[in-house]
Amino acid sequence: MTGLRDALLTRDETRLPGRRDEDWRWTDLRGTLRPMPVLSEAVQPLAPFDAPQGVQVRRFAAPATAGTAEASLSVAAGETLVLLDRVEAGEGPYARDLALHITLGEGATLHRLVLAADSAEAVSMSLTTVALAAGATLHQTVLATGAKRQRIATTVAHPGGGAHARLDGAYLLSGARHSDQTTILDHRGPGGSSEQLIRGVAADQGRGVFQGRITVAEGADGTDARLKHNALLLSGRAEIDAKPELEIYADDVACAHGNTVGALDAEALFYAMSRGIPEAEARLMLVEAFIGEIVERIGAPALQDAARAFLADGLEALRR
Amino acid sequence: MLHIDNLHVSVADKPIIKGLTLDLPAGQVHAIMGPNGAGKSTLSYTLAGRGGYEVTGGTATLDGDDLLALDPAARAAKGVFLSFQYPLEIPGVPALTFVRTALNAQRKARGEAEIGAPEFLKRARATAAALKMDFEMLRRGLNVGFSGGEKKRMEIFQMAMLEPRLLILDETDSGLDIDALRIVSEGVNALRSEGRSMLVITHYQRLLDYIRPDRVHVLAAGRIVASGGPELALELERDGYDKYASAA
C-alpha cells in the first residue's frame with residue numbers, strides 16, 4: 001500500500017503514488033516529492049528514553065534526507081504487550097517510510113500508542129499490518145500533528161473468533177500541515193468485532209484526511225464493526241476529506257459508520273466566554289475536550305500520560 | 001451600577017429592543033416581566049455580549065464603563081453574569097475545571113492573583129453543600145447528563161463561585177419543580193448584597209415570591225412600558241399582559 005518505500009529503494013519516482021491513485025488522491029506524493037530525495041540511511045531505532053514501567057518503547061529518528069525501516073513484532077498467545085511508538089520529528093525536509101508487521105497470538109493483547117511527530121516539510125509514511133488470532137485484542141491509538149504529507153496507515157486481518165480490534169486516532173493540524181489516517185479492517189471470519197473513533201482538528205490551512213475501509217467477507221457472520229470520524233474545522237481555509245467505506249458480503253452483521261465535519265459549537269463558545277474565559281482560551285478548551293475523549297479511551301495508564309503530554313504540545317501549536 | 005439608555009437591538013435585521021431605558025442601582029433587585037416575544041431574552045443576551053445581537057442605538061454602561069464595547073469574557077471580568085435559561089453541556093470539561101478556569105481568567109483580567117487548587121476546592125465544597133449538590137457531580141463533564149434542575153443549580157453554583165456584581169437571571173425558574181425552585185432561590189438570595197445588583201427576567205410571577213424584587217418593570221414590544229413596586233408583579237399575574245399590548 002505504500003509506494004514511498006519502493007520508490008526510495010529503487011530510486012524510481014514513477015513508483016510514487018499520486019492523485020490519480022484512488023487511495024492517494026488526498027495524499028499525493030508524486031507531485032510533492034520532486035526531485036526524489038536520495039536515501040541517506042536506514043531509519044534507526046533510537047535508544048528508548050525513560051520508559052514507564054511495563055511499557056516497551058520504540059523511537060524512530062528522522063533521516064537526514066530519506067530513510068526506510070521495516071520491522072516485525074509478535075505477541076505470543078495469552079501475553080500482553082504495552083507498546084509506545086514515538087516517531088520523532090526531524091528538521092527541515094526529509095522522507096521517511098516505516099513499516100511494521102504485527103502478529104497477535106491467540107488471546108494476546110496489544111495496547112499500542114503511536115505518537116507521530118514530523119517537521120512541517122517532511123513526507124512521512126507509515127504502514128502497520130496486524131494479523132490477529134482468535135480471541136486477541138488490539139487497542140491502538142494514533143496521535144498525529146501532521147507534516148507536509150503524512151500518512152499513518154493500519155491494516156488489520158481479523159479472523160473473527162471473538163477477537164477485537166480498536167483503532168482510534170486523533171490529528172491536530174496547524175499551519176499548512178497535512179495528516180492522513182487510513183485504516184483497512186478486514187473481517188474474514190465469523191464472530192469478530194471492531195470499533196474506530198477518529199477525531200480531528202484542522203486550523204489555518206491544515207488538511208486532515210481520514211479513509212476507513214471495513215470489509216466483511218463472505219462467511220464472517222455476526223461481525224460487529226463500528227467506525228466514527230468527527231472533525232472540526234477551525235478556519236475557513238482548512239480542509240477535511242473523509243471516506244468511510246463498508247463492503248459487506250456476510251449475513252447478520254452490525255456495521256455502522258458515521259462522519260461529521262463542523263465548526264466549534266458557537267453556543268458553547270459563548271457560554272464559556274460569558275463566564276470570563278477569553279475567546280482563544282475557550283476555543284482551546286473546547287478543542288482539548290473534543291480530542292480528550294480519544295485519550296480517555298486508552299486502556300493503559302502509562303500510555304494515557306504519554307498521550308496527554310503529546311496533545312498538550314499539539315494544542316500549544318494551535319495557540320500560536 | 002447598570003444604566004441602559006434608549007437601547008435599540010436588532011436580530012437578523014429585525015428590531016427587537018426599541019428604545020429601552022433602565023436604571024439598576026447598586027444593591028437592588030429589579031424584575032423584568034413581559035409576554036413572550038417582548039425582547040426579554042434579547043435584552044439578557046445583549047447585555048452578556050452574544051454574537052448576532054446587533055446594537056443599532058443607545059448605550060449600556062456598568063459603573064460608567066461602556067459594556068457594549070467589550071467582548072463577553074471582558075464583561076464577565078467586569079462582573080457581569082448571565083444565568084442561562086438553557087445552560088449548555090460541555091462534554092470533556094469537568095465542571096470544576098471549567099469554573100476554576102473561568103475564575104482564574106477573570107482574576108487575571110482584573111490583575112488579581114490566581115486562586116490555588118486547595119483554596120478553590122474548599123470554597124467549591126462549601127458552595128456545593130449549601131446548594132445541596134453532590135460534589136462528585138462537579139467532577140463530571142459540565143452539565144452532561146444533568147437534569148434541568150441540576151443545570152440551574154450548576155448556574156447558581158458558578159454564580160456563587162465567580163461572585164459577579166451584576167447578575168442577570170434569564171427565566172431561571174423555567175423547568176424547576178417547587179423544591180428546586182426553593183433551593184435555587186435561596187442560593188440567589190444568599191448572594192444579595194449592597195454591592196451587587198440583579199436583573200431577574202421572568203414570564204411568571206412565581207419566582208418573585210422567592211426572590212423579592214425592589215422594582216418590577218414590564219417589557220412589551222421592546223420597551224419598558226410600566227414600572228412599579230413588587231405589587232405590580234401580582235397585578236400582572238391577575239390581569240395578564242393584555243393591557244400593555246396596546247401601550248406598546
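**Notebook: a look at chains A and B**

I started with the strands of chain B, where β1 (residues 2-11) and β2(B) pair in the antiparallel sense over eight bridges. This is a predicted model, so I keep that in mind for every entry.

Next I looked up one pair of residues in those strands. B:V9 has B:I17 as its bridge partner in β2(B).

Then I asked myself: in what order do the four strands of the open sheet in chain B stand? I read the order as β2-β1-β4-β5, with antiparallel pairing. At the edges I found β2 (14-24) and β5 (65-66) of chain B. Each of these has a single partner strand, so one side of each is left without a neighbour in the sheet.

I moved on to helix α1 (residues 40-48) of chain B. How many of its nine residues are buried? I got eight, which means that the helix is largely enclosed by the rest of the structure. I noted the buried ones in α1(B), among them B:L43, B:Y45 and B:L47, and B:K40 is also included. Just after α1(B) comes B:G49, and there I noted a positive phi of about 95 degrees.

My last stop was the place where the two chains meet. I found 18 residues of chain A in contact with 21 residues of chain B. Which elements of chain A give two or more residues to the side that touches chain B? They are α2 (266-274) and α3 (279-296) of chain A. I also sorted the residues on that side of chain A by kind: 10 are nonpolar, three polar and five charged.

Methods. Residues numbered from 1 in each chain as written. Chains lettered and ligands numbered in written order. Predicted model: local features only at pLDDT ≥ 70, side-chain atom pairs only at ≥ 80, totals over all residues. Contact = placed C-beta atoms within 7 Å. Nonpolar A, V, L, I, M, F, W, Y, C, P; charged D, E, K, R; others polar. Pairing = 2+ DSSP bridges. Buried ≥ 20, exposed ≤ 12 C-beta atoms within 10 Å, placed from the backbone.
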